Amino acid sequence: AVSAPSNTMMIPTLLLAACTATNVEGFAYSPLSLRPIVAGGPEATSTSIHMGKRKPSMKERRRQRAKKLPSATVDRGILNELPSVDTWEKTDASVGSKRESIPTSEVAEEDNAAITDEETSIDEETEETIAKASSLVQAQRKSVDCLTHVRKRVEESFPINEAAKGLAEKGYFVYDGFLSKAVDADSENEDAVLGDEMISEMFSESSSMLANDKMQRDITRIADGEFVAQIVGGENYVLCPRLTEYVVSMTRHLPPLLNKEYDVIGAGDLPKLDSAASMGSLRLYDRKTKLGTLSFLANPEDAASDDSVSERPFGVVCGDSDGTDNDSRRLTAMLYLSSKEWDSSNGGGLTMETDGQKVEAIRDRIVLLRSDECSHRQEPWLGSDDSGLDQASCAIVHFIQG
């Protein structure tokens, strides 16, 4: 400790002591003493003067760490046994590297083959879609053509005046070539072909319905080999599109013309017909079914004979008077469908009770008769074993009272 000198000598003395001290980290002045103070110690204050040690350099720190770590030796023999970098051999390549190792021409061929397969698949799907669309368009056009053809036949070629008079006077009217007769010389080929095709398709549809079990056996005439079915359209349209279109177009166009003609000729007793609703049905004769049934019901000698068929009674479509009151059918149109070879010797047709008139079942012949008054008898079908003469059918439309 140094006793405090006078005030004039205090500052030089402090400076001298600071300069000559070798191990002092810091010091502090007080009026009474001058003693060492450790930096950051309990006696350090904001007025303390800190003197830090010199920091070691990076090189010195590396040396210090090296002295602390254990020594390690490297076996140079292992390194010497390794081949040089330029003599290494490649191992199995990955999928990507293998593809990269394939020549560019082969890669291009594979890509082109994949593209070709994909394009082929797309082309097949496209062709299938186009084929379906084309088939649908053709079916729609065919439907429109048939509907239009029936309308034109009713409005342009069918003798509506004669039909109305025949219904008023005799209760029936017969007209040949309803769909296939040429209207005039200019349209002879077109109308004849379209009508004949429609008749053939309608007949083919009836045979197809029988083959696919879409018709029911007429048990009231079990020995006659006849089947019946309703033409209702809707989901069943695909079974008989031409037959359905025929019924629809007839229902839409024939009643208005007859109703108007009834007023013209003054046939007030003839009921007006509804042009929005009707009843369509189909009756088909199958010779093989008939002969098969007769083989069980008749003697073997008479099984192949048509003489075993009993004569049918006369009657009206609606039945007796009570049936007429409860039945709304007032006009029945019967269109005969068969092969072109079918003639009177093959049976079928009607016999009228009032005048005894026989109406043969000729292809494309239409018969109109009053459902509630015209008494008639349906003659049995016969057919033959010749090709195209074992089946025949009749498309029936019942027009109801409006």
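I count two strands as paired if DSSP finds at least two bridges between them. Strands (E, at least two residues) and helices (H or I, at least four) are DSSP runs, numbered from the N terminus.

The model is predicted: local features need pLDDT of at least 70, side-chain atom pairs count only at pLDDT 80 or more, and totals for chains, interfaces and linings use all residues. Residues are numbered from 1 along each chain as its sequence is written, and side-chain values use heavy atoms, with hydrogens and water left out.

**Entry: the open sheet**

I looked up β8 (residues 350-352) first. Strand β8 pairs with β9 in the antiparallel sense over two bridges. L350 stands opposite V359 in β9. I then traced the open sheet of three strands, with antiparallel pairing in the order β9-β8-β11. Its edge strands are β9 (358-359) and β11 (376-378), since each pairs on one side only.

**Entry: strand β10**

Next I checked β10 (residues 365-370). Is this strand mostly covered or mostly open? Six of its six residues are buried. Buried means under 20% relative accessible area, exposed over 50%, and partly exposed in between (1.4 Å probe, protein chains only). R365, V367 and L369 point one way, while I366, L368 and R370 point the other way. In a regular strand, side chains alternate between the two faces of the sheet.

I looked for the partners of β10. Strand β3 (residues 172-176) pairs with β10 in the antiparallel sense over five bridges. V174 has V367 as its bridge partner there. Strand β7 (residues 329-337) also runs antiparallel to β10, joined by five bridges. For L331, the bridge partner in β10 is R370.

**Entry: surface patches**

Patches are made of residues with over 30% relative accessible area and no salt bridge; like charges are joined within 9 Å, nonpolar side chains (Val, Leu, Ile, Met, Phe, Trp, Tyr) within 5 Å. A salt bridge is a side-chain nitrogen of Lys or Arg within 4 Å of a carboxyl oxygen of Asp or Glu. Accessible areas come from the Shrake-Rupley method with a 1.4 Å probe; for residues, only the protein chains shown count as cover.

I219, I222, F296 and L297 form a nonpolar surface patch, with about 500 Å² of accessible area together. I222 is in the loop between β4 (216-217) and β5 (226-231). I222 counts as partly exposed because its relative accessible area is 38%.
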